[in-house]
Amino acid sequence: MTATLDRPAHAARPASRLVGTWQLTRLALRRDRVVLTIWIVLLGIAPSSTAGTFETLYPTAAERAGLTTSMGANPSIAVIYGPAFDLSTAGGFTAWRLGGFLALLVALMAVFTVTRHTRAEEDSGRAELLASAVVGRYSALTAAVLVAGGASVLIGLIETALMIGAKMPSAGAFALGGATAATGLVFTAVAAVAVQVAEYSRTANGIGAAAVGIAFLLRAVGDSTADAGWVSWLSPIGWAQQLRPFADERWWVFLLPLAAAVVVGGVGYALIPRRDVGTGLLPPRPGPAEAASSLRSPFALAWRLHRGPLIGWLIGTAICAGVFGSVANGISDIVGQSEQARQIFQRMGGTDALVDAFMAAMAGMFAMVVSLYGVQAALRIRTEETAIRVEPLLATGVGRLRVLGSHLVFAFGGTALMMVVSGVLLGLSNGMRAGDVGGSVGDLVVASLAQLPAVWVIVGLAVTLFGLAPKYSTAAWAIAGLALLLSLFGPVLNLPQVLLDASPFSHVPKLPAAEFTATPLSWLAGVAAVALAAGVAGWRRRDVG
């Protein structure tokens, strides 16, 4: 009897550690009903929509027959899309064209979802309140895993069903959908470990996103280097493509992501009892008893909060820009003699030379990704507000505008810095191969800076939500994600121009291929300024918290 009284009741009954899982799952689904729906619908329909355009892009048998050879022999193309196994069919071309990107996006979705419903809840203090009630120790993580893993599987099922509905071979459809789902499960497990290790949600997201980035780079190195093909087998994204959907499927490869998900996920669960709620296995180092004079201002505090994500995003941007810039000269092989494919690249990034169109598309792609950082930085003050760390600052006599402005410096200035870095690295890596470093760097920096007004529209809308509708500020992620997906997949899916125009990135002059026009940039800058002003005005008038 004494031993029983000396330990918590749930320790004697392991099943009680999952009490409340269903309720937390329902809560997570309700909170994410908009964001998850966007992820699931857009990623689910992308393959079947692309497959329907294959015959339009390559209408003759001669064009289709040469695709596998020409694209498979080009390492520059393999960096972006992976190995070309069989591109003579609509299914094989779709799996090659989208498989790696679908795996990348579903991985990010899984990481962000798990973090949002575990570590972010601990940051806000809500997890501790729930833990004091009838909620098991493993319930929060299990609910997050069910939501993220379930969304991954649902995306895979939708892909499979729609590909079969498009009269694609069922074996290839199951392989493609299964590859997407399995990748999501792997990174759901990775996120389960990250949220145990990290002290804060932003650190957990950083660890998870870094794992996704490393997986993509390993896949790119392995697929583009003849003597290092084994490297791609170290990547879960590489596993998704090595399943070879619509190209003599290798079903045994499924064992790799499933085993990794079980093992890594098991590690995440094993780490839960080793830490307290609200802490991580790697707690932050204690600072000095008194702050240095350089830290005694709202901006200094904002710098401490933003410097980690900013440096991480800058490093990732520089690496990716260097990689993509180096492959530009080989991009012409991707379309061969297909006029329709050239038109798609032109819609994505320009109107003249194909390399310039590709570089314009890359500048736009980096702008879309950088806008996600802008949303993260703009909403950082909302995290501080809900954690009741803004009120003590305002109680010292610091004005609201100084507190908000210190964060917005990083939201707007940080995105500008990243676009400059991306332009420099795109131009430098492309210029070194083309033999014109100076001209290439100059053109790409201008092209990247031209994207800034569109980026700032997204950031400005995030500020608007924070100021006027703080309860719905997380909808800024949905806005940024929708703009990104429309811009990435809209031209490939041949969506109507009215839908493409919903993204601010569709209005930017596609430099360096197109002619510079200031009018659309002025309109975008005006929209961003109005959105910013509305958010600032709302913040000045509403209650804190």
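Which helix is M359 found in? M359 lies in helix α19, residues 354-378; helices are DSSP runs of H or I with at least four residues, numbered from the N terminus. This is a predicted model, in which local features need pLDDT of at least 70, side-chain atom pairs count only at pLDDT 80 or more, and totals for chains, interfaces and linings use all residues. Residues are numbered from 1 along each chain as its sequence is written, and side-chain values use heavy atoms, leaving out hydrogens and water.

**Helices**

- M359 counts as buried because its relative accessibility is 1%; buried means under 20% relative accessible area, exposed over 50%, and partly exposed in between (1.4 Å probe, protein chains only).
- M359 and N430 are 71 residues apart in sequence, and their C-alpha atoms are 9.0 Å apart in space.
- Helix α14 (residues 201-224) has 24 residues and reaches 34 Å from its first C-alpha to its last, close to the expected 34 Å; the expected span is 1.5 Å times one less than the number of residues.
- Buried residues of α14 include S201, G208, F216 and D223.
- L154 sits in helix α12 (residues 139-165) and is partly exposed because its relative accessibility is 38%.

**A loop residue**

- S503 is in the loop between α26 (497-500) and α27 (518-541).
- With a relative accessible area of 1%, S503 is buried.
- Leaving aside residues up to four places away in sequence, S503 touches A483, L486 and S487, where contact means heavy atoms within 4.5 Å.

How values were computed
Helices (H or I, at least four residues) and strands (E, at least two) are DSSP runs, numbered from the N terminus.
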